[in-house]
Amino acid sequence: MGFVWFWIVAVMIVAYVVLDGFDLGVGILHFLVARTEQERHLVIRSIGPVWDGNEVWLLASGGTLYFAFPLLYASAFSGFYLALMIVLWLLIMRGVSVELRSHMDTPVWKSFFDGMFFVSSALLAIFFGAALANVIRGVPLNAEGYFFLPLWTDWRTGAQPGILDWYTVLGGVIALLALAVHGSLYLAVKTEGALQLRAREFAKPGAIALLAITIVSLPATVFVRADILANYRQYPVGFAVPVLVLLAVSGMIYFSRRSEDRKAFGASCLYLCVMLVGAAVGLYPRLLPSSSDPGLDITIAKAISGPYALRVGLIWWAFGMALAILYFVVVYRMFRGKVSLGDGYGH
């Protein structure tokens with residue numbers, strides 16, 4: 001059951017990153033691609049019907065983590081307390097900016113919430129990337145499975161790191177760029193005219209920069225955590241993961257240049273999926289590695305709930321996911337196609 005629940009949590013996190021990722025990317029690009037009030041309104045409308053539903057996957061992932069791996073939930077939420085509070089406030093700011101932007105038709109009001117939308121979206125992308133990098137690098141766990149991380153120390157990886165060091169900053173930059181490109185490709189699919197052209201123009205060099213930084217990140221990850229290749233060596237088929245990563249980002253570049261927006265967006269979805277799956281494959285069966293002593297790693301065996309709870313939970317999880325998937329299918333089919341000022345939905 002541990003194997004099953006590990007991948008259930010991993011798949012839910014992937015779903016959140018892919019779906020809410022383009023929402024974040026749209027927020028990051030809000031000022032870059034939209035030049036007029038009408039264009040900014042269209043940018044918001046492109047995610048208006050789906051952004052709040054996409055965030056459900058984050059809540060569902062946290063709830064599933066709490067249920068299936070309570071020790072990991074307790075350890076991570078206490079050790080990353082400051083970072084998680086910042087993320088919570090950023091999520092609130094982002095939701096408020098989307099909902100309240102159009103409540104008053106004054107330039108100052110709209111500019112304020114436009115700025116809030118951009119800042120919260122960009123910082124969320126950076127924090128999520130840095131959080132994943134912290135998990136891969138490891139944290140200074142003690143014998144009870146708890147840890148404390150200062151915001152930074154000497155910016156180096158090691159036995160006593162901070163939340164921010166050169167590797168976690170690299171993770172934040174990758175996430176920021178990857179989600180910005182993801183959002184630009186989504187906008188290219190959902191919009192038309194000058195707004196669509198500017199979204200495409202951002203995606204082309206953005207995808208090239210993403211390819212370059214991805215190539216840098218792969219050896220950097222092996223340098224920080226050499227044992228992340230253990231599962232790949234044991235099961236060589238896993239080396240298809242980095243190949244798929246490079247093919248996906250290459251597909252983003254190729255299809256963007258040909259203005260095949262849907263295919264480019266599909267390649268971006270594949271890139272995010274495979275990057276996260278690759279990290280999960282490298283970490284398994286660890287859930288949170290120790291930066292000082294491998295014997296202190298929080299593993300599936302240490303953190304898993306009881307077998308009865310997992311069996312019953314699997315039934316309720318399957319039921320809940322069936323309802324969620326049905327909801328998403330209905331919503332995305334209902335609001336498929338290009339957005340326009342007269343389509344009657346959004347904010």
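**Why these labels?**

Student: Why is G193 called partly exposed?

Tutor: G193 has 41% relative accessibility. Buried means under 20% relative accessible area, exposed over 50%, and partly exposed in between (1.4 Å probe, protein chains only), so G193 counts as partly exposed. This is a predicted model, in which local features need pLDDT of at least 70, side-chain atom pairs count only at pLDDT 80 or more, and totals for chains, interfaces and linings use all residues. Residues are numbered from 1 along each chain as its sequence is written, and side-chain values use heavy atoms, without hydrogens and water.

Student: What makes W152 partly exposed?

Tutor: Its relative accessibility is 47%, so W152 counts as partly exposed. W152 lies in the loop between α8 (107–137) and α9. Helices here are DSSP runs (H or I, at least four residues), numbered from the N terminus.

Student: How do you know that the span of helix α5 agrees with what it should be?

Tutor: The expected span is 1.5 Å times one less than the number of residues. For the 13 residues of α5 (residues 56–68) that gives 18 Å, and the end C-alpha atoms are 18 Å apart, so the two agree.

Student: Which residues of α5 are buried?

Tutor: W57, A60, S61, T64, L65 and A68 are buried. They cover an arc of only 135° around the axis, which puts them on the same side of α5; the arc is that of the directions from the helix axis to the C-beta atoms. On the other side, L59 and Y66 are exposed.

Student: What do the buried residues of α5 pack against?

Tutor: They pack against α1 (2–28), α4 (51–54), α6 (70–79), α14 (300–303) and α15 (307–334).

Key: Helix = DSSP H or I, 4+ residues; strand = E, 2+ residues; numbered from the N terminus. Contact = heavy atoms within 4.5 Å.
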